[in-house]
Amino acid sequence: TSVGSVEKIQAIADRIMSEPNNQHVVVVSAMGHTTDQLVELCSKISTTPEPREYDALISTGENVSAALLSMAIIAKGGKAISLNGSQAGIYTSNGHKRAKIMDVRPDRIQLELNENKVVVVTGFQGVSEFNDVTTIGRGGSDTSAVVLAASLGLKECDIYTDVDGVYTTDPRCVSQAKKLSVVSYDEMLELASMGAQVLHPRAVECAKENGITLHVRSSFSSDEGTRIKELNSMELNRTVTGIALKRDEAKISVVGVADQPGIAGKLFGELGNHNVNIDMIIQSNEQENETNTITFTVSEDDYEDAKKITERVAKELGAGHVVGDTSIAKVSIVGVGMISKPGVAATMFKTLGECGVNIQLITTSEIKVSCAVESGQADVAVQALHDAFELHNAK
């Protein structure tokens, strides 16, 4: 959305030109819904596109943004150059759609910076050892920016977006949501993984590994946003920092699984081999017939593939039937303060019970408690938890 129109791109160029420091590397996403439109075009040609050609198609959106921004800076009297992932030295694994960044060689970037040019780099893409264009997954421009910052030895990376920082929860769900001035890496990683769409989890991981402070701020104002960094013990004074909501969850249950060692490993190993990420898992035992029911959640995007794989494995194992449900949402409370303050999970469960929200699955970590609920109850759950933990008073 930050580069969603020519007018917005012009505004970004103005902002860059107004900065006193002209040593800028700017990573851009595709304009507006361009990537979605390219995916839709692809689906009209093939429901199972060849991965290499898929990446070749959907990576073009960032090329357009980078070239236009570079043109805008030059038209305003500045010096700029656009570089695609290959030209910028972003090398990835050979896989497509979700390639991993393996190495960054910023020699060309540094060369252009030495010529006092603003370097505009395409996010979301890189190049494989076979010199093929690869993409690193949706939301990957955040990750591209952080790995470039790390390769250039920088200690801060600004992430400009259409919101002015990280909030206690989505302001569209809860009007009393408050912007936070600082969030720890671990909290942001949990929030991002649990559904908060401000930052991509891989970007936060990379920032933490390299000690880079992320500054999430608005593309449309010069106000301070939210800094994500390592916090010291004096700064860890919140029990719950934020609430994340992930709506696009799906649940799959395998009924009548033999109560034997290795069964779960077979099922989840096969799902892992097909790059299906598993989220929440629960196993319940039926003592009368010595069988188990294994229930787990996946992203709704992976649901159809996961269900087919599960049905095949269930048949091989001689299990009963497989049941699926796509009307699931996941509500999570996150906060490093949970480590030292007991009773947080109990407060969450009690709050959800009092507002009539049924909990279907639960997962926990040291700083997170997640509950799967019926998607129609998700907004009620978030509002109730935001009130219960008094996040309207957060800073």
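## Helices, strands and the model

Helices (H or I, at least four residues) and strands (E, at least two) are DSSP runs, numbered from the N terminus. In total, the protein chain has twelve helices and 17 strands.

A word on where the values come from: this is a predicted model, in which local features need pLDDT of at least 70 and side-chain atom pairs count only at pLDDT 80 or more, while totals for chains, interfaces and linings use all residues. Residues are numbered from 1 along each chain as its sequence is written, and side-chain values use heavy atoms, with hydrogens and water left out.

## Overall shape and surface

The radius of gyration, taken over C-alpha atoms, is compared with a globule rule of 2.2 Å times the number of residues to the power 0.38. For 395 residues, a compact globule would have a value near 21 Å, and the 23 Å of the protein chain agrees with this. Along its principal axes, the C-alpha trace spans about 80 × 50 × 35 Å.

Of the 395 residues, 47% count as buried; here buried means under 20% relative accessible area, exposed over 50%, and partly exposed in between (1.4 Å probe, protein chains only). The accessible surface of the protein chain comes to about 19000 Å², and 49% of that belongs to carbon and sulfur atoms. Such areas come from the Shrake-Rupley method with a 1.4 Å probe, and for residues only the protein chains shown count as cover.

Contact means heavy atoms within 4.5 Å. Among contacts between residues at least 6 apart in sequence, 73% join residues at least 24 apart.

## Charges and salt bridges

The protein chain carries 36 positive and 52 negative charges, and their mean positions are 4 Å apart. In this count Lys and Arg are positive and Asp and Glu negative, with His and the chain ends not counted; the place of a charge is NZ of Lys, CZ of Arg, CG of Asp or CD of Glu.

Side chains of opposite charge can pair when their charged atoms come close. A salt bridge is a side-chain nitrogen of Lys or Arg within 4 Å of a carboxyl oxygen of Asp or Glu, and the whole structure has 20 of them. One of these joins Asp-170 and Arg-172, at 3.0 Å from N to O. Asp-170 is partly exposed at 26% relative accessibility, whereas Arg-172 is exposed at 73%.

## Helix 10

Helix 10 covers residues 303–316, and within it Lys-307 and Glu-311 are four residues apart, so about one helical turn separates them. These two form a salt bridge whose closest N and O atoms are 2.8 Å apart. Glu-311 is partly exposed, with 34% relative accessibility.

Arg-312 and Glu-316 also meet in a salt bridge, at 3.5 Å from N to O. Arg-312 is partly exposed at 35%, and Glu-316 is partly exposed at 49%. This pair belongs to a network of salt bridges that links Lys-266, Glu-270, Arg-312 and Glu-316.

Thr-310 lies in helix 10 as well, but this residue is buried, with a relative accessible area of 1%. Leaving aside neighbours within four places in sequence, Thr-310 is in contact with Ile-252, Val-254, Leu-267, Leu-271, Phe-296 and Val-322.

Val-28 is part of strand 1 (residues 25–28) and is buried, at 4% relative accessible area. Not counting residues up to four places away in sequence, Val-28 touches a set of residues including Glu-62, Leu-69, Val-120, Gly-123 and Ser-141.

Glu-112 is found in helix 5 (residues 107–114). Glu-112 is buried too, with a relative accessible area of 6%. Beyond neighbours within four places in sequence, Glu-112 is in contact with Ile-81, Lys-117 and Val-119.

## Positive phi values

Most residues other than glycine have a negative phi. Asn-131, however, has a positive phi near 65°. Asn-131 sits in the loop between strand 6 (125–127) and strand 7 (133–135), and counts as exposed at 59% relative accessibility.

Glu-390 is another non-glycine residue with a positive phi, about 50°. Glu-390 belongs to the segment after helix 12 (378–388).
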